[in-house]
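Let's take a walk through this structure together, moving from its surface to a pair of helices. Have the sequence and the 3D view ready.

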Amino acid sequence: MLIIPLVIGALSLLSPFLAIIVYMLYIAKTAEQNLMKPLPAFLLFILVPAAMLIFDTQISTQLLCLDAIFTVGLPVLVFLLVVKYNHLLSNGFLASFIVIAAWGIVRYYLFQAYQNNLFEQALAMVKDRMPALLNNSLMEQTLPLWKRIIPAIWIISQSLAWLIGFLLFEWRLKIPNRIANLKFTRYYNLLIIAVLPLYYFSQTKGLFLNLLISLCIIPFVQGAALVWQRLGMIFANRFISGLFMIIIVLYANILLVLLGFGNMWFTKRNITPGGNAA
């Protein structure tokens, strides 16, 4: 079993998205061992990324290695430590998300020129293969915005992988009502309020936009969890509930964020938040 963290560490260099999902499935399979001693698996995991980080000085390789460590290995380690000492899965999920979001912002400012260059290369490729798409006036107007929120887009992508991995972790351990059980602390909302003053300074408007979008992921998940719980009370058929959930996520995502924000502040659902690790 010791070889598996090494393999996942190598996989994380190719796809952090897939690696964190596989890593959480491995953690679920060896939950008792890893909850008691979470550090050994992490140390094995980072061997390959750390070695490449030391011996390969190319910017692209360094970014891949740091992504592997800070968005796959470290979030899982933080999750295990929080669950070990706090016993609440939602708190572990939240702590790991904060690690992912923090690195998503830091990585952009550390590798800003490289990521902007990748964006321009991708744009040139699209322009060459699908010129009609970029000739659209709406697309031309929104391109500067897409470039500005590169960190938030990356954080959303990796957070989706983290959510999938977390739900599969609960599924593997046969924890019931996995989505409905998610309940985050109200004090998280203070982070969202704290970034609002950044809007009033021209130098920090880009940072404000990326932080706001990223931090709203948790209220969005909270709102979706609440709606899923209510849909389960209305519809006995999971397929119908899922269909309504998809429609709500696609067309009422801002309302889900507001609902989650309010739910975290003002209500206390009669559940153990995110399940109890015990």
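This is a predicted model: local features need pLDDT of at least 70, side-chain atom pairs count only at pLDDT 80 or more; totals for chains, interfaces and linings use all residues.

Let's pick one of them, leucine 243, which sits in helix α15, spanning residues 238–251.

Now turn to phenylalanine 208, a residue of helix α13, which covers residues 205–215. Phenylalanine 208 has a relative accessible area of 10%, and because buried means under 20%, this residue is buried. Which residues does phenylalanine 208 touch, once neighbours within four places in sequence are left aside? The contacts are with Val195, Leu196, Leu198 and Tyr199. Proline 197 is 11 residues away from phenylalanine 208 along the chain, and the C-alpha atoms of the two are separated by 8.3 Å.

Stay with α13 and look at how it is placed against helix α14, residues 217–234. Two packed helices are described by the angle between their axes and the distance between the axes. Here, the axes of α13 and α14 come within 4 Å and cross at roughly 25°. Angles under 35 degrees count as roughly parallel, so α13 is roughly parallel to α14. Where do the two helices meet? On the α13 side you will find Ile213, Ser214 and Leu215, and these meet Ile217, Ile218 and Pro219 in α14.

Conventions:
Residues are numbered from 1 along each chain as its sequence is written. Side-chain values use heavy atoms; hydrogens and water are left out. Buried means under 20% relative accessible area, exposed over 50%, partly exposed in between (1.4 Å probe, protein chains only). Contact means heavy atoms within 4.5 Å. Axes are lines fitted to C-alpha atoms, for helices over the stretch in contact, and angles run from 0 to 180 degrees between N-to-C directions. Angles under 35 degrees count as roughly parallel, over 145 as roughly antiparallel, 65 to 115 as roughly perpendicular and the rest as oblique.
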